[in-house]
Amino acid sequence: MRSPWSSVLLAGMLAATAAAPAVAAGGPQSNAHYVLISHAADSDVWWNTVKNAIKQAGDDYGVQVDYRNPPDGDLADMARLLEQAAARNYDGVAFDIADVDVLYKPAMRIAAKNIPMVTINSGTAQQSQKLGAIMHIGQPEYEAGKAAGERAKAAGITSFVCVNHYSTNAASFERCKGFADAIGVDARKSMIDSGVDPTVVESKVSAYLRNNPKTQAVLALGPNSAEPALQALQKMGLAGKIYFGTFDLSPVIIEAIRKGQMNFAIDQQPYLQGYMAIAALVIAHDDNTRDPAVITAKLKANPKFQARLTEYGLQPVYTKDGISSGPAFITKDNVGTVAKYAGQYR
């Protein structure tokens, strides 16, 4: 029997095939070539949704789209990928701001060639502007963490542990800090650097909870930390008894919410980050514009994009500077509406 992730991983592998052109059936042929570069290691399955999204954006706009990432998540390697993108003269480059200082110089090489850039996921609109990007498409991380913390505070939570599986990314601390500020505790004293190895994550969560038995809540920063943390809670007899929230979705997380073993998942709608980044770059290139308002208006008027939104139940938030893709809270009350596409398009 095929596991729930089999089809997801297959879709991600297909979407990541760099050499294959993504041309819509019956759509316009184009020699334009775009790339999305992430900080994520190969093991981070969350990015499969982004890979699927850029594949569909390529289909809808009739362009070629590559996905590039450092296999082990090394940020120096990500910087080199940006340098390579500049050297290859792509028609547009999208990337996440894993570390604005590390990525500044390679981003300037892209900007020097007047290649359109869009930033996604990690980072802020201000950092995006500093790097010379047209717009930033993502979720305000501190605000998302704080909103989660406010929900927890309303439930009586006064202590927590933040399970950080990607501490090299500044956005991870913003998530933890927002939650910590909302409930009034020190973020650094409430955070563990878990890494991404599932066995290690589970072991570190178990050890923390044994050493800090009065911990009332667990906040995971994505499936890579949430799923092993859930296993730890199940083995300790705490699943469903301790307040548990996570960022992002996976089939395992969906099922845990349904069973009442997780209180919520924060959905930043990664599909939007991938699709809209490529769409914005295509519009910028084809219309020779860097105006976010013009690009956004044309994107909103695109019937293929609107059909994607309807099909997957996605709701972007448009701002004067860009587009926010979250946060949206998935709970037991609304989990059914996103379960169908979790891990693929949600």
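A salt bridge is a side-chain nitrogen of Lys or Arg within 4 Å of a carboxyl oxygen of Asp or Glu. This is a predicted model, in which local features need pLDDT of at least 70, side-chain atom pairs count only at pLDDT 80 or more, and totals for chains, interfaces and linings use all residues. Residues are numbered from 1 along each chain as its sequence is written, and side-chain values use heavy atoms, with hydrogens and water left out.

By the salt-bridge rule the count is eleven. One of them joins D66 to R68, with the closest N and O atoms 3.7 Å apart. D66 is buried at 1% relative accessibility (buried means under 20% relative accessible area, exposed over 50%, partly exposed in between; 1.4 Å probe, protein chains only), whereas R68 is partly exposed at 24%.

The side chains of K235 and E202 meet at 2.7 Å, N to O. K235 belongs to helix α9 (residues 223–235) and E202 to helix α8 (residues 198–211), so this pair ties together parts that are 33 residues apart in sequence. Helices (H or I, at least four residues) and strands (E, at least two) are DSSP runs, numbered from the N terminus. K235 is exposed, at 65% relative accessibility, while E202 is buried, at 13%. Elsewhere, salt bridges that share partners join E141, R175 and D248 into one network.
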